[in-house]
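Me: I'd like to learn how to read a structure like this one. Can you take me through it?

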Amino acid sequence: MTTTLPAYDEVVARYEPVIGLETHVELGTNTKMFCGCPTDFGGEPNTRVCPVCLGLPGSLPVANKAAIEATIRIGLALNCSIAEWSRFARKNYFYPDMPKDFQISQYDEPLCFDGYLDVEVNGELVRIGIERVHLEEDTGKTLHVGGATGRIHGATESLVDYNRAGIPLVEIVTKPVPGTGALAPEVARAYVTELRDVLRTLGVSDVRMEEGSLRCDVNTSLNLPGEEWGTRTETKNVNSLRSVERAVRSEMLRQASVLDAGGKITQETRHFHEDTGDTTPGRSKETATDYRYFPEPDLVPLAPDPAWVAELKAALPELPRLHRRRLQEQWGLSDLDMQSVLNAGAVELIEATVAAGATPAAARKWWLGELSRRANETGVELADVGATPEQVAELQGLVDAGKLNDKLARTVLEGVVAGEGSPTDVMTNRNLEVVSDTGALTAAVDEAIAANPDVADKIRSGKVAAAGALVGAVMKTTRGQADAKTVRELILERLGAQG
Amino acid sequence: MSELIKLTATEIAGLVAKGETSAVEVTQAHLDRIAAVDDRVHAFLHVDSEGALAAARRVDERRAGGEELGPLAGVPVAVKDVLTTKGVPTTVGSKILEGWRPPYDSTIVQRLRDAGTVMLGKTNMDEFAMGSSTEYSAYGPTHNPWDLDRIPGGSGGGSAAALAAYEAPLSIGSDTGGSIRQPGAVTGTVGAKPTYGGTSRYGLVAFSSSLDTPGPCARTVLDAALLHQVIGGHDPRDSTSIPQPVPDVVAAAKLGATGDLTGVKLGVVTEFTGEGAEPGVMAAFRESVDALAKLGAEIVEVSCPHFRYALPAYYLIAPSECSSNLARFDGVRFGLRVGDDGNRSLEEVMSLTREAGFGAEVKRRIMIGTYALSSGYYDAYYGQAQKVRTLITRDFTAAFEQVDALISPTTPFVAFPIGARTADPYQMYLADLFTIPTNLYGGPGISVPCGLSDGLPVGLQVMAPTMADDRMYRVAAALESVVGTFTPPAL
């Protein structure tokens, strides 16, 4: 189908989008949700399995307490109510990567419900309602071999790896988000980004979208202003933050073109394609499976002790947005400056550098300046650039103590990054310390005065600004190892001028 | 016929402990008996002679080494084919698991091994424990040793018949709606359904998770209690297992055997003494009630008005759970696979496998359950049945405020001829009319032989509050002390 898509500006001028997001997070627990098998990523197929996660006849699940705790902490961080009584339910459908041909999930009695997450888009706060946070088990992975595309069509064999089967999975479902207009794609992305940061701060998951430990389904619909919400589609296979934004945008454009032509949106699942940025239809929801949910009789209901929940709540770490706001205030940064710190991924590095003794300004200068430049040049993450926050703080300490000037400090930093040791080591080994011996400096100053009589005359006649030229000359003879301020004072003193 | 096979488990364990016989000798005697009669009885689906003799030798070695052995060390046990046995075929009476050798032992079997009992093999059952006559086994029916043309009850007909035929002194059953107690009643043996959660379901191939309860079968009440003690107790691998010790059922059985029931108040369930049962069954029951009264028990009538809804509620809850539990038999990972010719789709292979692998009764229940859980029908069927379950539980709770235990006939009729009830599922379902309420409530129940009707055994059921399993053993042992045990005609 080759339809010309309308322009985005026109679409958002005519239609109002409503979005919703379902996010699946693989928890970083040591063991699986209902058995003792390890959860680490990778491993030979079908080596991290046992009768329980293979669904062998007779096996029974036992719920993982660490996973329940992590889910409650996620719920608390997302301002949810925590259920006093909650149950697992069976979601019944046949699929070979689901060992029992039902998934243990939660249905009408989720662990956490009715919360929100505030996200910032273009400096504005958008509150995303959270419908529910529930716990379930992951499925195995099906591999279709022999075909060209790795898809089931044309494959000669289908192989199933159950290593992933039974890994605890938390599903976080938003309420529908209307009213974001043209910003809908960015809001979707900002939400997933913020959610990822919250999950990372909680330490409950490694939240790697590329490895599938954070997976996102995006619901999108369009309606005319003042009319009821439109029919929604659910886009799956959205595996990066950028794709979240692209998927919403692409689906808005596609739906608008259908509606413009007088067509109707089919309620269906669609698949997002990273390469083209389009979505294509999957299974139609109209003929969707009846999952025949019912309470899981093999597990006793969960009744989290309110005192325990209160303890978990009290022990929550400061969440990313509040943490960032507090740092911004402490560091005295404008919104714009804070944004550049965020964009550089330097928040935690600067924070650690300040904790190690540097001023916020100095820490920011090093990380956003010299070190960001190096990271860009070498194509590595800032955190992996080769200098630690402690080393940066030490370097700045040497500058503050007058042992290094700015230029020398950059040279020392080069040595640190090259793995030559701590800033003090590099300074000592490369003999880069500022020359503070006044006798030697006086000789160099006198030499410079003698070599530049014209400049000396200007200074004597009161044009002290000309001293810069002599400072430069002295710095040259001392190979930069003099303290420029001291040199300048000496020059003025020798020439009897007032600074 | 060796005299060893006529002994009770208690007697065998005593002789083995004293060195007057060996576990190997006892085991061989039972294996010989199986070889002699099981072609007519068909209690066993698989006899593990090698494994049994090896286990028996280990017991003898341990005893020779001066080790102190448990109360059932060296005693042979037959295990219903619903429990997984590591490396030993486990079919659940179904073609769909033919040839499957599980890679793990169920908790019950593990505990049996740890206790030094000797597993003889796996007993026949209605496919997936769905049935009341063992006629729905995919491997052919088991025959009642009292009359080989009659059914031995079900689903655990194999475990009960093995006892009555002296092929084993002890056996394990599982009771979802009466599958331990009803076969016990119609074979003249003792069958106990423990409190739900009192025995581990880990490794019990699920029929209906919220009802399935493994339990002991024996020829005497004390033997059943000893076996109950060995297999019972908390299991961290079963979430629904109760984290409390098993009540002292052995002491209770011994106390009951003194024949004194002074101070014990028993309630006869009014709803189960009406027209539902055969006259011969009611006559034996009435005589037993009089006997219990003579032992000092106070007898009162107790009405449990919601018990009449138990059967329909059960036939929604159990099929609903089974429709989900049996989904995993899809031909992908284990058991039968049909139609995988490289051309058929996955869905076709799954369908063909299930079509070929499941019997008619299993399919019937899967379909009923699938329907009852369907969107739009859930509230009217599964939801409503759960409400009935609550009402039945309230009936029990109210009854146990008045009496210590409830009594009734175990089953409305004695063993019927093979083939008599297979044409009409409802007639078959009626066999469990009196046993099902206990499953819905979750409490313990025991069937103890109480007399004969036209030469066929009748059982009396004692029902107790949850985790008061000891009470039913006391009452059952007291009755046994008066009426004695029942021996079928020689095979």
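Me: Let's start where the chains meet. How many residues of chain A are in contact with chain B?

Reply: Two residues are in contact if their C-beta atoms, placed from the backbone, lie within 7 Å. Here 25 residues of chain A are in contact with 34 residues of chain B. On chain A's side, 16 are nonpolar, three polar and six charged. Ala, Val, Leu, Ile, Met, Phe, Trp, Tyr, Cys and Pro count as nonpolar, Asp, Glu, Lys and Arg as charged, and the others, Gly among them, as polar.

Me: What should I know about the model and its labels?

Reply: It's a predicted model: local features need pLDDT of at least 70, side-chain atom pairs count only at pLDDT 80 or more, and totals for chains, interfaces and linings use all residues. Residues are numbered from 1 along each chain as its sequence is written, while chains are lettered from A and ligands numbered from 1 in the order in which they are written.

Me: Which domains does chain A have?

Reply: Domain bounds come from an automatic or database domain assignment. Chain A has domain 1 (8–311), domain 2 (318–429) and domain 3 (438–494). Taken over C-alpha atoms, the centres of domain 1 and domain 2 of chain A are 37 Å apart. Their contact takes seven residues from domain 1 of chain A and four residues from domain 2 of chain A.

Me: And how are the residues on the domain 1 side divided?

Reply: On the side of domain 1 of chain A that touches domain 2 of chain A, there are two nonpolar, two polar and three charged residues.
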